[in-house]
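Trainee: I'm new to this one. Can you walk me through it?

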Amino acid sequence: MTPPAASALDAVSSLRVTGAGPARGSLRVPGDKSISHRAVLMAAMAHGSSVITGLSRGQDVTHTLRAVERFGVIVTDAGDGRVRVEGPIRHEPDDVLDHGNAGTGIRLTAGVCAGIDGISVLTGDRFLRRRPMERIAAPLRLMGADVDGRERGNLAPLMIRGGSLTGITYAPKVASAQVKGALLLAGLSAAGPTTVEEVHATRRHTEEMLAEFGARVRVDAHRVTVEPGRLTATDVSVPGDPSQAAFWAVAALLADQGEIVVENLYPGFGRSDFVGVLERMGADITFDTTAGTLSVRASRLQAVELTAGDIPGIVDEVPVLAMAAAVAEGTTVISGAGDLRAKESDRIASTAAMLRAFGVKVTETEDGMVIEGTSRLRPARVDSHGDHRIAMTAAVAGACAAEGTTVIEGWDSVATSYPRFAEDLMRLTGAGAAPVA
């Protein structure tokens, strides 16, 4: 499998950004990462040849492509934006499945492995090996899989002996599209239906794509059921990632003169909730869901309160929304977001630390934070803690709102999801970006 297209700044360990200036222009962001993982895995399970266009070219999805090759699936990169995946899975993996920093990748793949008669070993980098896996291990065991690992299966490396599954009805303890997706993928190989019940409805990527691949799936407001059965190959066009568009929306809002348009975005359930949050804050923002076009203009923002019911729809956007809150008038309160402590970093702690570095007064709580808006950000030195979303948020703030030079440590983490982010930042804002000598 060909690695993702590289940029001269992708592998930089620390990036220096000089701002602040206007933010203007239009762009298309990388293919939706959540959809890309699922497209690859379902194409690998399906009978026949599927062609995927618009696939995310970040390292996270590359790890998933390499993982399915370990199952005997043939992956061909045509070099013109198309990737062909020839399923179905032929055997248990012939090597350890390394998912790098991809929590979505390892959890969804675990669901696939649970349905395979054989042994699979899944691992990742030092950050992924700290993330909790009991949330998928426990229900997969209830279905009949043997799941073990460090801390009795809570931490990778994970060992899964799959096959002979039975469908279950399960209510996850945390609102997670990854947990739901893992169980639905395992359910395809189970005896009887598998149902996931949610208190707070999460994003529906898995349900939508299962239907595209011919699965029998039923979706209600807070309940989804999949029947066992084989998938049929189909071609998939992956739209742009709204989570990546959120950075450019906030860039336009932070800049004194900001007007940015992001095209070809995925408009699916739960993926544009950040737009609603910014609207509540007073942003001049429009999302044309028919065309998939997001338009944002510089605006004066007001503080907002975000609670547990808001979090599932903005789980990936909290750091950049917190940066918007940093320049809003008033005090923003975020609560009910305790699961963010188990992301690529402790995302509550790392977001709070980033805001403090920019001169923002913020109080960290057990499940969120309290942010007091300020009229001006100062240049900062930010440790991303290996978290791509912290790194990109800091770069946007440094380019658009903090006059002077901002340094982001751990910039190489951005390559997991958005290669060439620094180039897009320079083009839209005119900011300087360079490695730290």
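Trainee: How many salt bridges does a search of the whole structure find?

Mentor: The search finds 27 salt bridges. A salt bridge here is a side-chain nitrogen of Lys or Arg within 4 Å of a carboxyl oxygen of Asp or Glu. Two points on reading the model. It is predicted, so local features need pLDDT of at least 70, side-chain atom pairs count only at pLDDT 80 or more, and totals for chains, interfaces and linings use all residues. Residues are numbered from 1 along each chain as its sequence is written, and side-chain values use heavy atoms, with hydrogens and water left out.

Trainee: Which residue forms a salt bridge with R341?

Mentor: That is E364. The closest N and O atoms are 3.0 Å apart. R341 lies in the loop between β21 (331-334) and α11 (347-357), and E364 is in strand β22 (residues 361-365), so the pair ties together parts 23 residues apart in sequence. Helices (H or I, at least four residues) and strands (E, at least two) are DSSP runs, numbered from the N terminus.

Trainee: What does D387 form a salt bridge with?

Mentor: With R347. Their closest N and O atoms are 2.9 Å apart. This pair links distant parts of the chain, 40 residues apart. D387 sits in the loop between β24 (381-383) and α12 (388-400), while R347 is in helix α11.

Trainee: And are D387 and R347 buried or exposed?

Mentor: Both D387 and R347 are buried.

Trainee: Which residue does R381 pair with in a salt bridge?

Mentor: R381 pairs with E409, with the closest N and O atoms 2.7 Å apart. R381 counts as exposed, at 51% relative accessibility. E409 is partly exposed, at 25%.

Trainee: New topic. How many disulfides are there?

Mentor: The count is 0 disulfides. The rule asks for a pair of cysteine sulfur atoms within 2.5 Å.

Trainee: Are C113 and C400 buried or exposed?

Mentor: C113 counts as buried, at 0% relative accessibility. C400 is buried as well, at 3%.

Trainee: Which residues gather in a patch of positive charge on the surface?

Mentor: R126, R129, R130 and R150. Patches are made of residues with over 30% relative accessible area and no salt bridge; like charges are joined within 9 Å, and nonpolar side chains (Val, Leu, Ile, Met, Phe, Trp, Tyr) within 5 Å. Lys and Arg count as positive and Asp and Glu as negative; His and the chain ends are not counted.

Trainee: Where is R129?

Mentor: R129 is in the loop between β7 (118-123) and α4 (134-143). R129 is partly exposed, with a relative accessible area of 30%.

Trainee: What about the backbone? Which residues does a cis peptide bond join?

Mentor: One joins G87 and P88, with omega about 5°. P88 is in the loop between β5 and β6. Another joins A156 and P157, also with omega about 5°. P157 lies in strand β9 (residues 155-162).

Trainee: Where is D94?

Mentor: D94 is in the loop between β5 (82-87) and β6 (97-98). D94 counts as exposed, at 52% relative accessibility.

Trainee: What is phi for S164 and R420?

Mentor: Phi of S164 is near 55°, a positive value in a residue other than glycine. S164 is in the loop between β9 and β10 (165-166) and counts as exposed, at 74% relative accessibility. For R420, phi is near 75°, again positive in a non-glycine residue. R420 is in the loop between β25 and α13 (421-429) and is partly exposed, at 40%.

Key:
Accessible areas come from the Shrake-Rupley method with a 1.4 Å probe; for residues, only the protein chains shown count as cover. The place of a charge is taken as NZ of Lys, CZ of Arg, CG of Asp or CD of Glu. Buried means under 20% relative accessible area, exposed over 50%, partly exposed in between (1.4 Å probe, protein chains only).
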